[in-house]
Amino acid sequence: MSISVSNISMLYDHQKALNNVSFDIKEGEIVGFLGPNGAGKSTMMKILTTYLPPSEGKASVNDFDIQSDPTQVQKSVGYLPEHNPLYLDMYVREYLLFNAKVYKIKKSRIEEIIKLTGLTPEANKKINQLSKGYRQRVGLACALLHDPKVLILDEPTTGLDPNQLVEIRELIKSVGKEKTVFLSTHIMQEVEAMCDRVIIINKGEIVADKNLNEMIDQTDQMVEVEFDYRLEEAFLLKLPNVTSVKNVSGFCYQIIFDTKKDMRPAVFDFAHDNELKILQLSRKNKDLESLFIELTQPKKDSNTK
Ligand code: ADP
């Protein structure tokens with residue numbers, strides 16, 4: 001197993017940042033660790049990279065135990081922390097050489113890594129002249145210098161503009177062909193763009209662990225319907241299998257059902273029985289973003305059964 005986490009808890013003074021967290025990541029997977037700010041993502045990553053000892057539980061990376069074999073864990077892991085620490089006054093190549101020396105890595109690896117991370121045109125520039133996107137590339141280059149089997153990337157795309165975002169996602173995906181990647185984000189689209197699997201964490205606890213295809217299958221069904229006049233949302237709660245109803249605009253309603261069976265005929269029959277006219281009726285997949293919101297935000301009781 002590339003990463004194995006078993007019943008990890010973490011207490012900062014009296015604040016519980018992680019509560020009995022367990023998951024395994026297989027070699028070659030690209031896994032998104034998704035959760036709102038403060039959910040415990042960075043804490044988990046710092047534990048896996050041996051920067052922080054957990055209060056309870058066990059974890060291993062590349063089959064090395066984080067507590068009994070921290071040096072082997074560090075050799076196995078490339079880590080890009082959330083606030084990518086760079087020496088801004090250094091030149092890109094010089095900075096990579098400096099890091100290579102610290103970790104006793106051959107000089108020839110520098111050119112390889114510059115090429116791999118698309119830094120060739122910027123290699124002779126000072127880091128403070130680089131855009132945020134290129135600074136992230138330098139951070140990734142550093143994380144990759146010792147050719148680790150596992151990459152741990154803490155919010156690698158935060159603060160990038162849309163073009164940089166696309167480029168860094170592509171780079172991570174291409175690097176991920178050869179390595180196990182565990183990356184954190186608070187944005188669902190990031191996971192959809194880069195990952196095979198998502199582990200969702202909320203308030204220090206895992207609330208979902210699914211591969212993306214499974215996740216899409218699992219999402220509830222949403223039917224959007226437009227009537228010819230306004231109804232009380234509560235009236236539509238009489239429909240079978242309904243979990244919530246929302247008036248989205250004018251006479252248009254989004255109805256969520258907890259079944260995979262196509263509910264459009266039921267909505268049609270319901271309208272007919274209640275002498276309602278339907279102007280439009282369509283079925284939609286609830287997107288992953290709303291699933292994430294549902295799993296990580298307190299439920300509102302007002303319009304659910
Ligand atoms: P995330 O990366 O998901 O934003 P963190 O792991 O940074 O979450 O934080 C999880 C919780 O632990 C938060 O409530 C945060 O305030 C708290 N926390 C994180 N680091 C420390 C620390 N060094 N001391 C005290 N509390 C901390």
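Me: Which residues surround the ligand?

Reply: A residue is near a molecule if one of its heavy atoms lies within 4 Å of it. In this predicted model, Tyr12, Gln15, Ala17, Pro36, Asn37, Gly38, Ala39, Gly40, Lys41, Ser42 and Thr43 surround the ligand. Residues are numbered from 1 along each chain as its sequence is written, and side-chain values use heavy atoms, without hydrogens and water. Local features need pLDDT of at least 70, side-chain atom pairs count only at pLDDT 80 or more, and totals for chains, interfaces and linings use all residues.

Me: Which side chain has an N or O atom 2.9 Å from an oxygen atom of the ligand?

Reply: The side chain of Lys41 makes the one you ask about. Ser42 uses a backbone N or O atom, 2.8 Å from a ligand oxygen. For Tyr12, a side-chain N or O atom is 3.5 Å from a ligand nitrogen.

Me: How much of the ligand does the protein bury?

Reply: The size of an interface is often given as the accessible area lost when the parts come together. Using the Shrake-Rupley method with a 1.4 Å probe, the ligand taken alone exposes 560 Å², and the protein buries 62% of that.

Me: Which element gives the most to the shell around the ligand?

Reply: Helices (H or I, at least four residues) and strands (E, at least two) are DSSP runs, numbered from the N terminus. Helix H1 gives the most, with three residues. Strand S2 (15–25) and helix H1 (41–48) are the elements giving two or more.

Me: What does the chain average in pLDDT?

Reply: This is the predictor's confidence in each residue, from 0 to 100. The chain averages 89, and 94% of the residues score at least 70.

Note on methods:
Polar contact = N/O pair within 3.5 Å; in protein donor to acceptor, adjacent residues only side chain to side chain.
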